[in-house]
Amino acid sequence: MRKPVHGMIAGASVATALALTVAVAAAQTSAPQFDLTKVTDHVYSFRSGIHRAMVVVTSDGVIVTDPINSAAAKNMMDEIRKVTDKPVKFVIYSHNHWDHIAGARTFKDQGAKIIQHALAAQHTRPNPDVVPADETFKDDKHVVTLGDQTIELIYVGPSHGSGMIVMRVPKERVLNIVDICTPQRIGFRNFPDGSPQDTIKALRKVEALDFDRIVPGHGPASASKAEVTAIREYLEDLTRAVSAAKEKAGSPLALDQITELVKADRILLEQRLGY
C-alpha cells in the first residue's frame, strides 16, 4: 500500500505546513457533464462535472445525498426517472460546503425531507440556493430507514468543513464519503476548513466501518475500501516527513529547505523499497 502512497509526494510543495498541490481532474469538455452509474443493484453514483452524489433506490422511494447545485439536481432527477418512478423522499447533506449541498429545492418541492448534522447546519452560511435542513441530529450516528433499506449517517469529527458525515448503506456494503477521500488524488495545499491530523482521525473511523466500496464526492463512480487506507497512509507519511524536515531545518518558515528535505525523504524511501 505504501508504494503508491509515497509516489504521490513527488513534486509536492510545502508552502504551508503540510502543503500539497491539488490534483483535480480536468473538465471533460467532450463528454456529457452528468451521468448516473450503477454501483450495486440499488445504489448509483451521480456525476455533475467533477462532483458526485449517491442515489439509493428502495422499495418505498429514493434517498439522495448532496444535491450539488440546482442544475445538477434537475439532471439528477431526470436520471433517477430513467431507473425508477418512485419519489425522492430524503436528501442528506454530507457537510456544510455550498459546492455539495446547494440545489435541493428540486427535491424539496416534491416533498423530500432534508437531513444534516447539527454542526453542519450551524455553520452553513446563508445562501439562496441552499435549502435549510428539515431535520438535524447531534449524535455520532443517525439511521434513516426507507422501505427495504437503511442508511447510517456517521459523524467522523473535524476533518473538512463542519459536521462531516459519511453515509453507509449496510445491505449494499457501500459508503458515500465526500472530500476527505478522493481516490488517486490529494487535497488542497492549504487544507481549508480542516487539518491533515483531523482527517487522519476521521479516516481511521471510516476504516473501522464495515463496507466494500465507496462512492466518493469527486473522482470515479466508485472505488474499493482500500482507497481510504491509501489516503490515510499518505497523510501520515507526509505528516512524518514534513515534521522531520521542519526539525532538521530548524524553523517552520524555512519553506524552500523543508520542501527539498521532503523530496529527499521520498527519494531515499523509494530507494529502500526498490522502485
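**A strand and its surroundings**

Strand S4 (residues 61-65) is largely enclosed by the rest of the structure, because five of its five residues are buried. Buried here means under 20% relative accessible area, with exposed over 50% and partly exposed in between (1.4 Å probe, protein chains only). Helices (H or I, at least four residues) and strands (E, at least two) are DSSP runs, numbered from the N terminus. This is a predicted model, in which local features need pLDDT of at least 70, side-chain atom pairs count only at pLDDT 80 or more, and totals for chains, interfaces and linings use all residues. Residues are numbered from 1 along each chain as its sequence is written, and side-chain values use heavy atoms, leaving out hydrogens and water.

Both faces of S4 are covered: Gly-61, Ile-63 and Thr-65 are buried on one side, Val-62 and Val-64 on the other. Strand S3 (residues 51-58) runs antiparallel to S4, joined by four bridges; two strands pair if DSSP finds at least two bridges between them. A hairpin of two residues links S3 to S4, and Thr-58 has Gly-61 as its bridge partner.

Strand S5 (residues 88-92) runs parallel to S4, again through four bridges, with Thr-65 opposite Ile-92.

Now turn to Arg-232, in helix H7 (residues 226-249). Is Arg-232 buried or exposed? Arg-232 is buried, with a relative accessible area of 10%. Beyond its neighbours within four places in sequence, Arg-232 is in contact (heavy atoms within 4.5 Å) with Ile-200, Leu-203, Arg-204 and Glu-207.
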